[in-house]
Amino acid sequence: MGELPKRILNVCFPKPVNAPIRAEINAIKAELQTVSMVDEFPKYARLQRKLNALKEQLSTTPNKITVAMNRMMVDLFLQGSFVCTNLFCFYMYRSVSVFKLPAEWLEPHPIPRLVSWPSNEAGGISFLFWFTVSSQVFRLLKTR
């Protein structure tokens, strides 16, 4: 599964991040009910400190989730706008050559048609071919 579908699924069906913390808080509260404050004060105080720390952690967790969700939504918007821009460019410049080469440079017969498709100009390099090749070159350079 790709990165984008995973992000969309995480937005639509978020995993309960606070569930383990809430379960631990409930367990500590149940234990505090059984401990006598007067008879076992050190144990009670230790549990109370642990409970306060977990409540503090629980109160800061939603802020982290909100920041992560905002960052993900911005990233998703940028990726979507990039895809829309590419589709628009493919549609608008589908029959325009980016540049032309001398016809003798592309002499073997099927190559000029592939390179210039869909414009079919002799010696022309189509936008689709140019974009595909340049994106593959950039992807290779990025991995190095």
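**Exercise 1. What does the accessible surface of the protein come to, and which percentage of it belongs to carbon and sulfur atoms?**

Solution. This is a predicted model, in which local features need pLDDT of at least 70 and side-chain atom pairs count only at pLDDT 80 or more, while totals for chains, interfaces and linings use all residues. Residues are numbered from 1 along each chain as its sequence is written, and side-chain values use heavy atoms, leaving out hydrogens and water.

- Step 1: the accessible surface comes to about 11300 Å² (Shrake-Rupley method, 1.4 Å probe; for residues, only the protein chains shown count as cover).
- Step 2: carbon and sulfur atoms hold 66% of that surface.

**Exercise 2. Find the salt bridge in the structure and place its two partners.**

Solution. 

- Step 1: a search of the whole structure gives 1 salt bridge (a side-chain nitrogen of Lys or Arg within 4 Å of a carboxyl oxygen of Asp or Glu).
- Step 2: it joins the side chains of Glu24 and Lys50, at 3.9 Å from N to O.
- Step 3: this pair links distant parts of the chain, with Glu24 in helix H2 (residues 19-34) and Lys50 in helix H3, 26 residues apart.
- Step 4: Glu24 is partly exposed because its relative accessible area is 33%. Lys50, at 44%, is partly exposed too.

**Exercise 3. Is Ser97 buried or exposed, and which residues does it contact beyond its sequence neighbours?**

Solution. 

- Step 1: Ser97 sits in strand S1 (residues 97-100).
- Step 2: its relative accessibility is 14%, so Ser97 counts as buried.
- Step 3: setting aside neighbours within four places in sequence, Ser97 touches Ser119, Glu121, Gly124 and Ile125.
- Step 4: follow Ile125 to strand S2 (residues 124-126). Ile125 is buried because its relative accessibility is 6%.

**Exercise 4. Which residues make the nonpolar surface patch of about 540 Å²?**

Solution. 

- Step 1: the members are Phe88, Tyr91, Met92, Tyr93 and Val96. Patch residues have over 30% relative accessible area and no salt bridge; like charges are joined within 9 Å, and nonpolar side chains (Val, Leu, Ile, Met, Phe, Trp, Tyr) within 5 Å.
- Step 2: one of them, Tyr91, belongs to helix H3 (residues 41-92).
- Step 3: Tyr91 is exposed because its relative accessible area is 54%.

Definitions and conventions:
Helices (H or I, at least four residues) and strands (E, at least two) are DSSP runs, numbered from the N terminus. Buried means under 20% relative accessible area, exposed over 50%, partly exposed in between (1.4 Å probe, protein chains only). Contact means heavy atoms within 4.5 Å.
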